[in-house]
Amino acid sequence: MAEDADRAATLQRELIGYAAELFLYERYQTDPFGESDGYGMGWRFLSGDSSGTEQRAGRSIATLHLPVEGTLWAPARQLTIDQVDIDRLGDLPPSLDVESFLLFLGCGPEPPEGGIPLTLIEGGQDAIVDARAIPPTIVPAETRPSAPTMPQLSDASFDDDRPSDAWLVSIADAWDVWLSDLIEQEITERRDEEDSSRASTNLIPPLAKRPWFPVQSDSESTEDPTGHAEPPRYLSDAPAGVAPRDVVVLPTRSYGRKRVLWSVDQGSEYKEILTTLGALDGISEGTLEKQDAAPARRLADRLQNLDLTSVEVDSSARDALIGLYERVLQAIVSNDSAESRTDPLPLLTYNPAETSTGLHERPLEWRQLSDEPAYIITNSDDRDQMRRIFHSVPLVTAVLPSQSVNDSSPLQSRLLTVNRHVRFDETDGDTDDRATEKQEAIERLLPRLLALSEAVRRLDIDDDIIDRWHNGRFQQVEDAWVEYTLSADRRELDSKERYRGEDSYAFFVDTDAPTIVFDGALGEPSHDLTPFGEALADLLFEDQRQVGILFERALTEYDHDGVDRLDRFVDRKDAGPLVSQYAQLLYPLDEAAKRNLFDATRDVLGEFDLTLDPSIESPTQLSSLGPSDIGMGECSDDVRDVEINQRFKELDLTEEQDRFRPRFSCSHEHRLRWQRWFDDQQPRLVSYLVNLVSSNGVEDADEETVKQSLEKFIDSAVHRLTFDQSRAVVRWLSNADYTASIPASKIPDPEVLSDEIRRFSPRYKPISKIEDASDAGWTRDGPEGLDSHPNDNGTFDRQEMARKHKAQKIVGDEAEVALLDCVRDETLSALEHADSPESFEAAREALLSPFPEGATRSSVRGAWNEWRATDDDSALTRGLHISRVWDGAGFDLVGLAHDDGEFRPVRYEAKALSGGPVSNVHLSANQISVYRRVCLQPDPEEAWRYRGDWRLVGVLPDESAINLNGHLDELPALLDELDVEGFTHDGIVLRINRRSDDRSSTFKE
């Protein structure tokens, strides 16, 4: 080029014009470059439509300098279209598409909004040249240019002040247009060529390894999903970007794994980009085992780079790390290749401990298989022994199948085995009688234990197990202990004794005569049977440690409170019906002995005017008779269970019959009934009683003294065959020394005690008006409120749930009573339109129409008739309260409305609201069904029964109520979608909120 800047610029423009003519030139039997789709961004590297000669020419053309800002010139390949000064390109053919022409020359496309410029330069960052005032002299093209790369991915480019997601904006915009084609070609070339340096491009390493993919910030995590990477949750300070190869694609609900992994959700729009650039597409077994477990090894490297100190502070992150490592190690050992034998295998271990310490409390440490001691246990029982006995041995956290470890050359020598041998010293004295006593004590309980084994552990109890019991023996010894030996790779590493010189242990010894040995302390008649649980399981079964735990639990129940408590445990496990068959299997009783035993039982019961229920047919049922197993006569009212059992003890039975000696108990069942009732009435019951006794002469009465006196009375009352909670309270008021000063006239009848308590301490005041929920400021949670509730903790406690349901029922009952007056008033208002016998009859039929013939319809009809006969509104009110008669109607109250000249029924489902800013309303499947049939989808064949209205009413403690039907509009469609996908439900929870500027802050209870 000329040394004069103007002359050089003129010549350069002519050169650009020549390139434009080349771009439009009609080639022989080939479309011009400008009319082909194969000459866009990066065409000079793609082995597609263009030939090798064309590609070499394209790489030369890409060095053509183009005018840029001011009077400068720069190579086309390091410019994007928006950086070219198009006005200084010179005279170009009118038909030229300038943008396509510039892409042909090697320019990058104009960056999208919020993005950064992307260009392809042979030689990468080092090949970038500064813009110059005079275009350079033309020189011959290189015969072998260096591989191109994206200069913006050099180290220096990460020091700029661009937004963290600028890279993603540009790469995502370019992906489907041109970038993915180059990446796929490079992947193929790298896979097929031994020398990766011969690939056409060098895009994957920088794109995969540089931290350009944006990381989700704390503020983004609470807003709409961005698709950005979620940092490991144990990190307190995450960087702005992460390398794609460090990311794992995980399901949305992989909460634990997200504690320790950089992740994006399966549904991320950037999944294809990330996985193409090296992100792991999940951590399934199939994914991790690909390419000789290469993904598993990559994941292992990432896990090794975690900050263990920070991870261990977060128990969920620690558990996630251990679980992930186990999966990774399993994938690696399952692909035992030459590479796996030469590459160092990382071992995540529990640190040794000086004393027996739970594994979850021990620090974690990475060790290398090649030069550091660390061992693997594949048996959970052995693992527990390692924790308790050989705690100084470093133990690998992963639990792998023994076959996998044996098949893995690197790990075979690290597989530990713990052997257990029972040792004992025989006693010099005669202890046969004590051994027989223990064997007989357990034998009496054995049918229950076998029933538990089948019901809980799903074991088949066959004749071999019965034979093992009959062939087994019990032996008292001087001392018994266990010797544990630890070995690996056929070498004994250590041995230790446990329990030697300690009391109260029993062990099974599998010799020619299977034996349970126990020390002298257990030989005492009063000693518990619990220590025999594991030994008994070993005698009857093989390798069933869980049965031993079950037996210990059952025998503990027996040791605490005898057969009654054990039977309750058996019933809770649904094993009760199985006890009889095992008793008959263990101790056959002939028909004559069985008949005599039943006759004797009936005779004793007859002395107390009691009868044995016909359903009691097995001798095993006689030892655990309860209130439902007997029938009572007129003289049974004051009978107590202890009196009956005394007579049963006096029966003269044979040894075979004695195993089935009858026993009766009612105290436990009555105690449960009392406790349920007492909990339901709390705290109003005690408040009512304190007020009653203190106002009638009982000095210093308070909740504690009232409860103590009442509980002492109940402890005795539950032994009466006839027990009623309300009657028991009234008897306490009438007969206890504590309450002797209360006049009989002040003591309520048992039938009205609950009403008296409710009147004394109502929670919800009567409602006079029902407002629309939206008018009262109530709204329903949207989708953002469905992920988690502040009180959700991911656990389920059956007892807690039962207590919650009890409390909800009490409050729900009160809400119904509070709403009842409003429903009655609206019904009476509607009935003002009844001015003739015919109209009253129409109103009656409308009120009865929701109910089929049965108890509920009869109750409503009776209340109506009484109201018509007496004009007593309270009679009608009782009839409108449906749930007191039928709890499965799908609504609690019924009333009447009058419009368009006719009466129609209105069903009310009352829900108690707390009065706070947030309330949860539970709707059962039945309630939803009635709502749909009445309000949305009436069945033509049942139109009469489901005519009228159904209203969901929230009752608040401040004398107000709200109609929530407006919040149910979307519900049917949502449930239908579930149904189409094959899901069903047993109810839903409607979560509603009151605006903070509303009056909810003034509610008080």
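The dialogue below takes up a helix pair, a residue and a strand.

Guide: This is a predicted model, in which local features need pLDDT of at least 70, side-chain atom pairs count only at pLDDT 80 or more, and totals for chains, interfaces and linings use all residues. Residues are numbered from 1 along each chain as its sequence is written, and side-chain values use heavy atoms, with hydrogens and water left out.

Visitor: At what angle do the axes of helix 8 and helix 10 cross?

Guide: Helices (H or I, at least four residues) and strands (E, at least two) are DSSP runs, numbered from the N terminus. Axes are lines fitted to C-alpha atoms, for helices over the stretch in contact, and angles run from 0 to 180 degrees between N-to-C directions. Here, helix 8 (residues 290-304) and helix 10 (residues 315-334) have axes that cross at roughly 145° and come within 9 Å.

Visitor: Is Ser-667 buried or exposed?

Guide: Buried means under 20% relative accessible area, exposed over 50%, and partly exposed in between (1.4 Å probe, protein chains only). Ser-667, which lies in helix 22 (residues 667-681), has a relative accessible area of 17% and is therefore buried.

Visitor: Which strands does strand 23 pair with?

Guide: Two strands pair if DSSP finds at least two bridges between them. Strand 22 (residues 893-899) runs antiparallel to strand 23, with seven bridges; Val-894 has Arg-907 as its bridge partner. Strand 25 (residues 949-955) runs parallel to strand 23, also with seven bridges, and Tyr-908 stands opposite Arg-951. Of the 11 residues of strand 23 (residues 902-912), nine are buried.
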